Each structure stands twice: as C-alpha cells, then as structure tokens.
2 protein chains.
Amino acid sequence: MELTPIHHPPHPEEMAGRLSRLQAEMATQGLDWYVSFQPDNIYYLTNFANFVHERPFVLLIPASGIPVFVVPKLEIPHVESRAIGALTLLDYFEFPAPEGGNWFDRVAEVLGQTGRVGVESVCQLQILEAIKGARVRTDIIDDLRMMKTPYEVGRMVRAGQIASAAMADMLATTVPGRSLGEVTAAANRLIYAAMVADNPSINPQATKLTSVFHPAQYSHDPHNFGDLDMRMQEGGPHVGIINAVMDGYGTEIERTFFLGHVPEAARRPYDVMMQARALVFELVKPGVSMSEVDAEVNALFRAAGYGQNLLHRAGHGMGVTAHEAPFLAEGDRRILKAGMSFTVEPGIYFPGVGGFRHSDTILVTDSGNIRLTEGPDSLEAMTL
Amino acid sequence: MELTPIHHPPHPEEMAGRLSRLQAEMATQGLDWYVSFQPDNIYYLTNFANFVHERPFVLLIPASGIPVFVVPKLEIPHVESRAIGALTLLDYFEFPAPEGGNWFDRVAEVLGQTGRVGVESVCQLQILEAIKGARVRTDIIDDLRMMKTPYEVGRMVRAGQIASAAMADMLATTVPGRSLGEVTAAANRLIYAAMVADNPSINPQATKLTSVFHPAQYSHDPHNFGDLDMRMQEGGPHVGIINAVMDGYGTEIERTFFLGHVPEAARRPYDVMMQARALVFELVKPGVSMSEVDAEVNALFRAAGYGQNLLHRAGHGMGVTAHEAPFLAEGDRRILKAGMSFTVEPGIYFPGVGGFRHSDTILVTDSGNIRLTEGPDSLEAMTL
C-alpha cells in the first residue's frame with residue numbers, strides 16, 4: 001500500500017470517481033435521485049464546505065449526469081471558489097423568500113412529482129416535505145466514504161504526520177503549571193503552519209482543530225472541556241488529545257502521560273489499557289466484524305475487573321471528518337475491509353484516579369493495519 | 001426598558017419560566033410531547049451546549065412535568081456540570097449499540113405508541129422514525145426564543161458591550177498590511193479576556209467567535225473567508241465583522257471602513273447604504289411586519305439603481321445564537337414585537353469595488369428600538 005503524503009486539492013477525476021461510484025450504487029438501489037444535506041457528505045462530493053444555518057445548501061444527485069446544488073445567492077462566488085468537479089448551481093435569493101422563491105421550491109422543481117428519492121438518516125423534516133416522490137432512507141454517501149481512495153489515504157497520511165508532530169511537541173513542552181490555553185495555542189500554531197506551508201489556500205471552513213489535554217482530575221470525564229483554567233500537574237494521568245480535520249481530512253492521536261511520577265493507582269489501569277490497545281491492533285484485519293473487535297476488548301476489560309470503567313467503544317471511523325462511521329463498536333456488525341480507517345482508542349475511566357486512553361489513527365490493509373499517526377506509548381516513555 | 005448588563009448563568013427560575021411557556025404553548029396546540037434535537041433549542045431549555053455528532057442528544061418534553069434528556073453515557077458528568085433546571089437524564093451506552101440498547105430505543109420507550117408529538121422543522125429522519133405517535137411539525141421553541149426575557153436582554157447587553165469594544169479596537173489598530181490572523185487573534189483575545197473576567201467558568205462549547213475583516217477585493221463576496229493571507233490595504237471598502245456567541249448569548253457589530261482615502265466609486269454606495277440603515281432604524285417598531293421593513297429597504301436600493309447589488313435581507317434575529325429567526329426579510333410576514341432582537345445590516349455589493357454594510361444589534365422596545373452595539377458609523381469616522 002502506497003503511503004506517500006499528499007497535500008494538493010483533489011483533481012476533478014477524483015471527484016468524478018466519487019460521483020460515479022455513488023450513481024452506480026443508486027442504480028443498484030433503483031433510485032432516481034439522491035438528496036444530500038449533510039455538510040460532510042456534500043464536501044465529499046463537491047469539495048465545498050458549508051455549515052448548517054437557516055439558509056440550506058441541498059445537493060440533488062440524479063441517477064446519471066451532473067448534480068444540482070441548491071445554494072443561497074449570497075454564496076455563489078464562495079461555492080465557485082471552492083467546488084471541484086461538475087456541478088450545476090441553482091440559487092435562491094434569501095430565506096425566507098416570498099412565496100415561490102424559497103429553497104424548497106427550487107428543490108421540489110428539480111425533483112418533480114414522482115420517482116424514488118434516496119435520503120440521509122439525518123435528512124431534515126423540512127427537506128423531506130419538499131420531496132414529492134417516494135422517499136427511501138439510505139446512507140449511500142456515508143457508506144462510500146468508509147472506503148478511502150488512494151488520494152484520501154495520501155491526505156490522511158499527511159494529516160497524521162502533522163498531528164504526530166503536534167503531539168510530540170505537546171509532550172516535549174509539558175511542565176507542571178502549563179495551561180490549556182498555552183497547549184491549544186502552541187499545537188494549533190504548529191498545525192496551521194504545517195498546513196499553510198503545504199498549501200497556502202487551505203480551506204478554513206474545512207479545518208477544525210481540537211488540541212487539548214485533561215489533567216488527572218478531569219481525565220475520567222473525557223468530554224468535559226469546561227474548565228478554561230485547566231493546568232498540567234505533577235503526577236497524572238493526563239490525557240493529551242489532537243483530534244483534527246486539516247483542510248478536509250481527519251486524524252487523531254492521543255496519549256496518556258504523567259509528570260514526574262506515576263501514582264500507584266495508575267499502574268494497573270495503564271497496563272490493562274495497553275493490553276486492550278495491543279489486542280485491537282492485532283484483531284483489525286479484513287474479514288473480521290467490527291462488533292467482534294469491540295466485544296473482545298470489552299471482555300478483556302471485564303476480565304480485568306474494569307467492566308464498570310468503560311465509557312465508549314474501541315474506535316471510530318476517520319475520513320473527511322475526524323469522527324464518523326463505521327465504528328469499532330459492539331453494535332456495528334459491518335465487516336472490516338482494506339481501505340477503511342479507524343481510531344484505535346480503548347479506554348477506561350476511574351473517578352478520583354483519572355482516564356487511561358491512547359489513540360492512534362490506522363488504515364486497514366490487505367494483511368492487517370498500519371498506523372497513520374506515530375509516537376511512543378510505553379509507560380516509561382509517557383513519564384515525562 | 002432595563003438595560004443593565006448581566007453575566008451570571010441563568011437561575012433555575014429563568015429556566016423554569018422557559019419550560020412553563022413551552023408547555024403552555026404545547027397545551028394550546030394539543031401536544032402530548034415535544035421532541036427537540038436542535039442544539040440551540042436544547043441549550044435554551046437546559047443551559048447545556050452539545051454539538052451534533054453520531055451520538056445524539058434528544059430532549060423529550062412532556063405536556064407537564066420534567067423533561068427527559070436522552071444522552072450518551074459518556075456525557076452524563078458533562079451534562080450534570082452544565083445543565084440548569086429540572087431534568088431527568090436517561091443514558092444509552094454507545095452508538096451503535098447492540099439491538100435494544102440504542103438511543104432510538106430509549107426515545108421510543110419514553111414516548112410510547114400514541115399521542116401527538118411536536119417536532120422541529122429540522123428534526124432528523126432517524127428521530128422521526130423513533131416516534132410512533134402522530135408527528136406534528138411546529139417550531140415552538142424557536143418561536144419562544146424570539147421573545148427575549150429580561151435575563152436574556154441583560155446577557156445580550158453585556159455581549160454587545162464586549163463586541164463594541166472589540167470593534168473599536170479593530171478600527172483603532174487598522175494599518176495597511178495588518179493580517180486576518182492578527183485581527184482575529186487580537187479581537188478574540190479581547191473578547192475572551194472580558195468574558196473570563198466576568199465569569200471564569202464560561203462554557204467554551206457555548207462560545208463561538210467570528211472576528212474577521214474583508215479587504216476591498218473580497219468585501220463584495222460577504223461569505224468568502226477562504227484567503228488566510230488577507231491583509232488590510234490603503235483605500236477600501238474594508239468590512240470588519242464581529243459576530244459572536246459569548247457563553248450562550250449572541251451579538252453582532254460590523255463596520256465598513258477605509259484606510260487613508262475613500263475611492264470615488266465608493267462614496268455613493270456608502271451614502272445609499274447609510275440611508276437604508278437609517279430607514280431600518282426608523283421602521284423597526286412593534287406592529288410593523290418584518291417583510292415591510294425589508295421591502296422598503298429593497299425599494300430604496302432599487303430606486304438608487306442598486307437592485308442588482310443586493311445579496312441579502314435587512315437583518316436577522318439574535319439570541320442564544322448570533323444568527324436565527326425571525327428575519328427582516330420580504331418572506332417573513334411576522335409582526336415585530338417589543339422584546340425581539342435583530343441585526344440591522346442592509347448591504348450592497350459591487351464586484352471590483354467592494355461591499356457596503358454596517359451591522360448593529362438592536363432590541364425592539366415598546367416605542368421603537370435601541371442599539372445593543374454601539375460605535376461611530378459616518379464616512380468621516382470610518383476613514384482611518
């Protein structure tokens with residue numbers, strides 16, 4: 001498998017390939033149109049990044065031929081400056097508009113009165129009501145996104161390199177008293193500088209950086225970033241996190257680390273987490289079900305007496321976002337295939353002690369998996 | 001009207017008042033439940049800010065009694081640390097979960113098989129499918145949010161003070177060559193410092209700052225922030241923008257300004273924009289329809305020969321977001337009432353010349369409107 005980093009924008013052929021695979025799947029499912037509203041799906045097909053607000057962007061993909069993109073008039077030059085690949089733009093003036101001039105009028109006109117229309121699970125009711133034909137819930141674009149193209153692999157390789165450098169820098173600059181603000185600013189500066197050196201016209205709308213850490217008193221509560229005055233402290237466990245979408249491609253690296261000494265209560269959880277992590281790297285290969293990977297990890301944690309310390313699955317997909325389907329989760333019965341990408345991040349959480357979780361981003365290969373992010377992970381290396 | 005700034009979090013009584021007004025409207029509409037998924041609506045009712053990802057947060061509001069909040073197990077301590085007011089938490093372990101353990105199972109169990117269930121226009125198909133009773137599209141929470149409580153007015157007064165100071169600083173530090181990065185960093189630093197001085201435990205998840213400017217070659221394209229290397233230049237028009245949600249309350253101030261000299265081609269558009277702006281301040285009062293305000297502004301621009309230079313409506317609502325319903329738009333037939341808040345931002349756009357738009361945030365009062373953001377706006381004052 002080719003692992004050359006890529007940082008140029010996609011060529012029109014890359015985008016045409018995505019559209020053509022989507023239309024092939026639409027033919028299999030007997031769909032006359034597919035309606036996409038979800039911004040990441042629209043980005044995947046157009047290279048244009050929008051955010052959801054009250055002026056909707058709706059992408060209408062016919063069974064064959066060029067997609068129609070319904071966009072606010074205000075955004076036409078913005079779309080033209082970023083979109084890659086064949087696209088017909090259809091504008092509406094404003095929301096709300098006088099009768100007959102609204103976005104849903106344009107959508108209804110294009111789709112007509114009949115036919116089978118595929119929609120996303122996250123399709124909004126107000127969009128569903130503009131579709132007069134038979135509506136079929138099917139997440140075809142999300143499904144396509146699971147299999148990375150060689151171009152995407154190259155972009156994710158590059159994102160992984162940058163994230164790994166940012167994590168190495170975070171670990172190299174740890175010191176008791178270092179603040180969340182300092183860590184975030186330093187990491188984001190490093191990441192932005194690397195991205196802009198690669199490509200001065202990166203898209204800020206397709207860039208989302210989360211560069212943070214949790215000291216021990218918060219690390220058991222992994223989605224709590226509410227205390228802006230968090231500071232690193234002697235001891236640990238701290239959990240350092242780089243989760244980033246860099247100009248349209250996601251990556252994640254996380255490390256559990258200690259300053260000065262490792263509290264006794266942290267040694268066994270760290271060791272068990274490392275065993276679970278090794279198990280995931282060993283299990284992930286084509287043909288294995290995602291639920292099986294998570295079930296084996298959870299069984300390992302339970303056997304160690306840590307069943308009550310689980311808060312999440314073993315990993316999630318990665319692609320044009322840094323958090324997406326499919327999932328290394330007991331509830332995901334899909335089968336691993338070469339070309340998929342995941343985080344590997346089994347974790348356990350102990351109020352009063354802290355959280356234990358490393359994360360790396362991997363690519364599933366024909367023979368197993370390879371890491372797209374890199375860094376030391378032993379307890380010795382993580383005691384700083 | 002009381003305009004004392006407020007920066008403390010809402011008291012439980014404030015939250016109880018919002019719930020009680022919602023339940024009163026549910027009774028009027030004959031609803032047994034209301035299902036809210038939209039994060040800003042959930043924030044309005046709970047003070048908890050989530051973002052949409054694959055683990056949904058769904059708020060289920062009964063006709064009477066305490067709402068049930070279906071949340072991922074991982075987020076329970078996070079919700080508990082931020083939510084204010086009565087709330088029953090119901091968790092699910094992960095997404096996806098093995099059969100019977102998913103978020104939609106929890107939602108379906110709470111709602112039962114029958115009854116009239118109100119849903120948002122933006123309700124997702126996957127949530128609609130978990131509702132077995134009769135589904136009624138009705139944006140009750142969005143409607144409630146239009147009328148600001150005295151607490152909300154106080155928060156928006158404070159947000160307006162901070163934004164006005166940030167805009168004054170942006171204008172005071174303009175110089176040819178000043179970069180987008182410098183402007184954004186300086187303004188955001190000022191805003192964060194003011195927020196944290198008010199309240200050290202502000203919620204970063206409920207904070208979203210857009211502090212940017214457009215030089216003349218971009219200012220005709222008001223949603224294009226794609227060039228990270230934008231710099232201020234001699235001449236103009238530049239458009240400086242502070243659009244911010246500060247710890248849960250939104251505000252906006254924008255100014256069109258010039259460095260050193262005003263190009264001849266910019267004088268008349270600036271003057272006409274100022275006439276339109278004065279017209280909005282004059283027209284906005286209780287009893288007037290929103291569409292009428294926008295129609296009069298558009299007529300003024302067309303009479304000046306600028307009908308082709310319109311890209312948007314005269315203003316939008318403001319509240320727990322910095323961009324929301326209702327709208328000063330020809331398509332919005334609602335009637336202005338005291339307690340509503342809007343931006344006033346009629347604008348015109350000329351490729352090759354630039355964009356012309358000031359924005360201020362106002363509150364509709366019994367007798368007209370008052371500004372929540374303040375700053376000079378004459379051409380003389382804006383020539384720096």
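Biologist: With which residue does Glu345(B) form a salt bridge?

Modeller: This is a predicted model, in which local features need pLDDT of at least 70 and side-chain atom pairs count only at pLDDT 80 or more, whereas totals for chains, interfaces and linings use all residues; side-chain values use heavy atoms, with hydrogens and water left out. Residues are numbered from 1 along each chain as its sequence is written, and chains are lettered from A and ligands numbered from 1 in the order in which they are written. A salt bridge is a side-chain nitrogen of Lys or Arg within 4 Å of a carboxyl oxygen of Asp or Glu. For Glu345(B), the closest N and O atoms of the pair are 3.7 Å apart, and the partner is Arg357(B).

Biologist: Which parts of chain B does this pair tie together, and how many residues apart are they in sequence?

Modeller: Strands (E, at least two residues) and helices (H or I, at least four) are DSSP runs, numbered from the N terminus. Glu345(B) lies in the loop between strand S12 (341-344) and strand S13 (348-350), and Arg357(B) in the loop between strand S14 (354-356) and strand S15 (360-364), so the pair ties together parts whose separation in sequence is twelve residues.

Biologist: How many residues apart are Arg158(B) and Asp198(B)?

Modeller: Arg158(B) and Asp198(B) form a salt bridge whose closest N and O atoms are 2.7 Å apart. The pair links distant parts of the chain, with Arg158(B) in helix H7 (residues 150-172) of chain B and Asp198(B) in helix H8 (residues 180-198) of chain B; the separation is 40 residues.

Biologist: In which helix do Arg267(A) and Glu264(A) both lie?

Modeller: Arg267(A) forms a salt bridge with Glu264(A), the closest N and O atoms being 3.3 Å apart. Arg267(A) is partly exposed at 38% relative accessible area, while Glu264(A) is exposed at 62%. The two residues are three apart, about one turn of the helix, and both lie in H10 (residues 264-283) of chain A.

Biologist: How many salt bridges does a search of the whole structure find?

Modeller: The search covers all chains. The total is 38.

Biologist: Which residues form the positive surface patch?

Modeller: Patches are made of residues with over 30% relative accessible area and no salt bridge, like charges being joined within 9 Å and nonpolar side chains (Val, Leu, Ile, Met, Phe, Trp, Tyr) within 5 Å. One member, Arg135(A), lies in strand S6 (residues 134-137) of chain A and is partly exposed at 46%. The patch is formed by Lys132(A), Arg135(A), Lys132(B) and Arg135(B).

Biologist: Which residue of S5(A) stands opposite Tyr34(A)?

Modeller: Two strands pair if DSSP finds at least two bridges between them. Strand S1 (residues 33-36) of chain A pairs with strand S5 (residues 116-119) in the parallel sense over three bridges, and with strand S2 (residues 58-62) in the antiparallel sense over four bridges. Tyr34(A) stands opposite Ile61(A) in S2(A); in S5(A), the residue opposite is Gly118(A).

Biologist: Which residue takes a positive phi in the hairpin of S8(A) and S9(A)?

Modeller: Strand S8 (residues 235-246) of chain A is mostly covered, with twelve of its twelve residues buried. S8(A) and strand S9 (residues 249-259) pair in the antiparallel sense over ten bridges, with Asn243(A) opposite Glu252(A). Two residues lie between the strands of the hairpin, and the residue with a positive phi, near 50°, is Asp247(A).

Key: Areas by Shrake-Rupley, 256 points an atom, 1.4 Å probe, with all protein chains shown as cover. Lys, Arg positive; Asp, Glu negative; His and termini not counted. Charge placed at Lys NZ, Arg CZ, Asp CG, Glu CD. Buried < 20%, exposed > 50% of the residue type's maximum accessible area, 1.4 Å probe, protein only.
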